[in-house]
Amino acid sequence: MNILERYHAMEYGPAPESRAEADAWIASRDFSRSLFIDGKWKTSSKAASFLTRNPATEESLANISEASEADIDAAVGAARRALKKWRATSGYDRARLLYAIGRTMQRHARLFAVLETLDNGKPIRESRDIDVPLAIRHFIHHAGWAQSLEREFPGQHGVGVCSQIIPWNFPLLMLAWKVAPALAAGCTIVLKPAEFTPLTAILFAEICEKVGVPRGVINVVHGGPSTGAAIVDHPGVDKIAFTGSTEIGKSIRKATAGTGKKLSLELGGKSAFIVFEDADLDSSVEGLVDGIWFNQGQVCCAGSRLLIQESIAESFISKVKARMAKLRVGNPLDKNTDIGPLVDKSQLQRVDKLVSEGQKQGAVCWSPETSLPDSGSYHLPVLATDVAPSNVLAQEEVFGPVLAVMSFRDQSEAVELANNTRYGLAASVWSENINLALHVAPQLKAGVVWINGTNMFDAACGFGGFRESGFGREGGREGMREYLQPLPDTGKRIKLKRSSLPIPSAAYSASDLIDRTPKLFIGGNQVRPDGGYSFPVVGPKGKLIGEAGLGSRKDIRDAVSAARAASAWRNATGYNRAQILYFLAENLAARSKEFADRLRTLVGSTGAAAKSEVDAAIERIFAAAGMADKYEGVVHQPPVRAVTLAQNEPVGVIGIVAPEEQPLLGLIAMLAPALAMGNSVIAIPSARHALIATDLYQVFETSDLPPGAINLVTGLASDLAPVLAQHDDVDGLWVVADEGICRLVEGEAAGNLKRVWTSNGYAVDWDGSHGSLERFLQRSVEIKNVWVPYGD
C-alpha cells in the first residue's frame with residue numbers, strides 16, 4: 001500500500017479536549033452566589049435558581065441563582081451610583097481596564113473555550129478558534145476607542161446605565177460585543193446572560209473583579225424572560241441592547257415606547273447564500289458548510305437559503321450532498337467534530353416541527369446516513385429541495401442545521417429571491433466576477449454582505465441588520481455611536497394638545513376662499529384629499545388665513561406608494577441630487593420675502609425673526625446639497641486578507657412629522673438631509689401653520705424633483721402619524737411632537753421595526769447639536785458592510 005492509499009484508508013480517531021480545568025472551576029464555584037451586583041457575589045433575594053445543562057450529555061452543570069425584581073433593582077441602583085465616577089474616569093484609565101480585561105481573558109482562553117462548549121454544545125474548534133479570540137479582540141480594540149472618544153466623537157458622552165440582554169448561541173462573543181463599547185463610552189452595565197448559557201459570563205465577572213473594574217460598573221444577573229422583562233421595564237435604565245428573536249425585539253420596542261430609552265436590536269435573519277454559475281464551486285461548498293452548519297445553524301446570520309443559478313444547480317447540489325456525508329456529528333469536545341448538539345431539547349423540538357411543516361408544504365428533505373449519539377439534543381444536517389419561496393423553511397428562521405434550496409435564472413431573479421423575506425441581516429455572494437458581485441451586493445436588503453466568504457466578523461467592522469432583523473450596529477465606529485449621545489439639550493417640553501383643528505375667531509364662508517381648493521402634494525402633483533375635506537388655518541389671534549386639505553389614512557397610503565415608486569431619486573447620483581437641492585434652495589431664496597411674510601402672518605413672528613427663519617431654511621438646504629456627494633462610507637481593514645466597505649445607503653421611505661415651532665425651518669431641517677441621502681419623504685407639516693408647507697408646492701414643482709421624492713399630507717399629526725408608523729412600506733420615521741404622539745408612534749412602529757427617532761416630547765434647537773445637519777444625515781442612512789477578500 002503506497003502513501004496515497006494509506007492516506008485515503010485513514011480514519012478519524014478521537015481527539016478530545018480535556019475538560020479537567022473547567023470541571024475543577026465548576027466544582028470550586030459556589031453557584032448559589034452567582035449574581036454579581038455592586039462588586040459582590042450575591043444569592044437570589046428569593047432563593048430562586050435554575051439548572052444549566054450540557055446539551056451533549058444532558059448532565060447538570062450548575063444550579064444558578066435567578067434574579068428577582070429586587071435583585072434587578074439593586075443591580076440598576078449600583079450601576080446608577082457608579083455612573084458619575086466612571087463617566088468622569090479618563091479615557092486613558094478606561095482603556096487600561098479594557099486592555100487588562102482582554103489580556104486576562106487571553107490567559108484563561110482555554111478555560112473560556114471549554115466552558116463555552118460544555119454550556120452551549122458548539123464544537124470546541126469554534127469556541128477555541130473563533131468565539132474566544134474574537135471576544136478578546138473586541139476588548140483590546142475598544143481600549144483604543146476609550147482613549148480617543150473626545151477627538152473622534154466631539155460633544156458626545158456615554159448614554160448612561162445600559163441593560164444588555166444576550167442570547168445563548170454566542171454567549172461570550174455577544175457579551176464582548178456589548179460590554180466593550182459600553183465600557184469604552186463610560187457607561188455602566190446590567191448584563192443578563194441567556195438562562196441556557198450563563199457560565200462564561202460568571203467567569204467574565206470574576207475577571208472584571210480581578211482586574212479592578214470599579215464596583216457597580218459591571219453587574220451580572222441571571223434568569224429567564226421575567227428577569228429580562230424586569231430589566232427592560234426598569235425606569236433607571238437609559239439604554240437597552242438586545243440580541244435575540246424578532247418577536248421579543250418587537251415586544252421590547254413596544255415596552256420602551258415613550259420612555260426615552262435608547263435601543264439597539266440585533267434580531268433574526270434568513271440570509272441568502274447566492275451562488276452564480278461562474279463561482280468556484282468547491283470553495284462555495286466549503287463556504288456553505290460554514291454559512292449554515294456553523295454552530296449547528298444556530299446563528300442569526302446563517303446562510304439558510306441557498307440560491308443557485310439554474311445552470312449549475314444539479315452539479316452543485318451533488319457536491320453539497322457529498323460534503324454533508326462527511327460532516328462529523330458528535331461530541332463537541334472532540335476536535336474533529338463538525339456539528340454538535342442543539343442548545344436544548346426545546347430547540348430540537350422546534351427544529352423538528354419546522355422541518356415537518358416544510359415537508360407538508362412540498363419540500364423534499366435529505367440528510368446523510370450518519371448515526372447520532374445516544375443522548376443529547378442532536379439533529380442531523382438537513383438539505384431541503386423543491387422549496388417554494390413561500391415555504392416555511394424559506395421564510396421562517398429555523399435556527400438549526402437546515403438549508404433550504406431554490407434556483408434562479410439570472411441576476412435580477414437572484415436579487416428578487418434574496419430580498420423576498422421580512423429579514424435583512426446578512427447575505428453571501430459567490431462569483432469569480434468581482435464586477436458582478438459588487439453590482440449585486442448593494443441591491444441586497446442586508447446589513448452585511450460577504451463576497452466569496454461568509455461569517456466574517458471583526459471588532460472594527462459594523463454588524464447589524466435592516467427590516468425585521470433589527471436596527472443599530474455592533475462593532476466599529478457605528479457600534480460606538482450606539483453607546484453615545486449628544487450633551488443634554490436645553491429644549492423645552494412641547495405642550496400636550498387636544499386632537500383638534502384650529503377654529504377661527506369668526507365665522508367664514510366659502511366665498512372667503514374662492515378658487516383656492518385646498519390640496520395635498522402627492523407623487524409630484526397637487527391632489528385633492530381623498531375625503532374632500534379641509535380645515536381652517538388661523539393666525540395667532542384667531543383670524544382666518546386660509547384652508548388646508550384634511551389628509552386621511554387613504555392619502556397617507558397614496559403618498560407611501562408614490563414615495564416607494566420614486567426610484568429615479570433613489571438611484572440618482574449624489575452629484576445629481578446635490579444640483580437639484582441647490583436649485584431648490586435658489587427657488588426658495590427667490591421667494592424669500594413671500595415666505596417671510598407668510599411666517600409673520602401665520603406665527604406672529606417679527607419681520608427680523610421671519611427673515612432669519614427663511615434664511616436659515618435656505619442655508620440648511622444648501623448645506624445638505626453640499627453633503628449629498630460627500631457623506632460617504634469608509635473602508636475598514638480587519639486583521640484578515642479582506643477589506644470591508646462600509647457603505648452609506650438611503651434608509652428608503654421616511655415619514656416626517658414637523659414641529660409647530662419654526663414651522664418652515666423645522667420642516668426643511670428634516671426634509672433636506674433625508675433627500676440629500678436619496679430617501680423619499682412623506683411629510684406631515686404643522687397643522688397650525690400648514691400654509692407654510694403648501695406654499696412650498698410651487699417651489700418643489702419648479703425644482704426638477706422627481707415625482708414622489710417629496711410628498712406633503714396636511715392634517716392632524718395625532719391622526720396621520722400613527723398611520724405612517726403602522727405602514728410596512730415606511731422604513732423610517734422622524735417625529736417632533738408632544739410626548740403623547742412620540743410614545744404612540746414608537747409603539748405602533750414595532751410592526752416592521754422601522755427606524756424611529758422622536759424628540760421625546762421636547763422642542764428641537766435647530767441651531768444646536770440635536771438639530772444639526774450631521775445628526776439627521778446619520779439618521780438618513782443605513783450602513784451596509786460589504787466584505788471583499790483578496791489574495792489566493
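This note comments on helix packing, aromatic pairs and backbone features in a predicted model.

1. Basis of the model. The structure is predicted; local features require pLDDT of at least 70 and side-chain atom pairs pLDDT 80 or more, whereas totals for chains, interfaces and linings use all residues. Numbering starts from 1 along each chain as its sequence is written, and side-chain values use heavy atoms, with hydrogens and water left out.

2. Helices H2 and H5. Helix H2 spans residues 20-28 and helix H5 residues 109-120; their axes come within 9 Å and cross at roughly 80°. Helices (H or I, at least four residues) and strands (E, at least two) are DSSP runs numbered from the N terminus. Axes are lines fitted to C-alpha atoms, for helices over the stretch in contact, with angles from 0 to 180 degrees between N-to-C directions. H2 and H5 are therefore roughly perpendicular, a term that covers 65 to 115 degrees, with angles under 35 counted as roughly parallel, over 145 as roughly antiparallel and the rest as oblique.

3. Residues at that contact. H2 contributes Glu-21, Ala-22, Asp-23, Trp-25 and Ile-26, and H5 contributes Arg-110, Leu-111, Val-114, Leu-115 and Leu-118, contact meaning heavy atoms within 4.5 Å. Seven of these residues are nonpolar, none is polar and three are charged. Here Ala, Val, Leu, Ile, Met, Phe, Trp, Tyr, Cys and Pro count as nonpolar, Asp, Glu, Lys and Arg as charged, and the others, Gly among them, as polar.

4. Setting of H5. The 12 residues of H5 reach 16 Å from first C-alpha to last, close to the expected 16 Å; the expected span is 1.5 Å times one less than the number of residues. H5 is largely enclosed by the rest of the structure, because 10 of its 12 residues are buried. Buried means under 20% relative accessible area, exposed over 50%, and partly exposed in between (1.4 Å probe, protein chains only). Among the buried residues of H5 are Phe-112, Glu-116 and Asp-119. Gly-121, which follows H5, has a positive phi near 95°.

5. Aromatic pairs. The whole structure holds 19 aromatic pairs. Rings of Phe, Tyr and Trp (its six-membered ring) pair if their centres lie within 6.5 Å; planes under 30 degrees apart are stacked, over 60 edge-to-face and the rest tilted. Trp-168 and Phe-399 form an edge-to-face pair, because their centres are 5.4 Å apart and their planes lie at 80°. Trp-168 lies in the loop between E6 and H7 and Phe-399 in that between H14 and E15, so the pair ties together parts 231 residues apart in sequence. Both Trp-168 and Phe-399 are buried.

6. Phe-170 and Phe-294 are tilted, at 5.7 Å centre to centre and 40° between the planes. Phe-170 is in the loop between E6 and H7 and Phe-294 in the loop between H11 and E12, 124 residues apart. Phe-170 is buried at 6% relative accessible area, as is Phe-294 at 5%. Trp-177, Trp-450, Phe-457 and Phe-463 are linked by ring pairs into a cluster.

7. Asp-38 has a positive phi of about 55° although it is not a glycine; Asp-38 lies in the loop between E1 and E2 and is buried at 14% relative accessibility. Asn-455, also not a glycine, has a positive phi of about 50°. Asn-455 lies in the loop between E17 and E18 and is buried at 11%.
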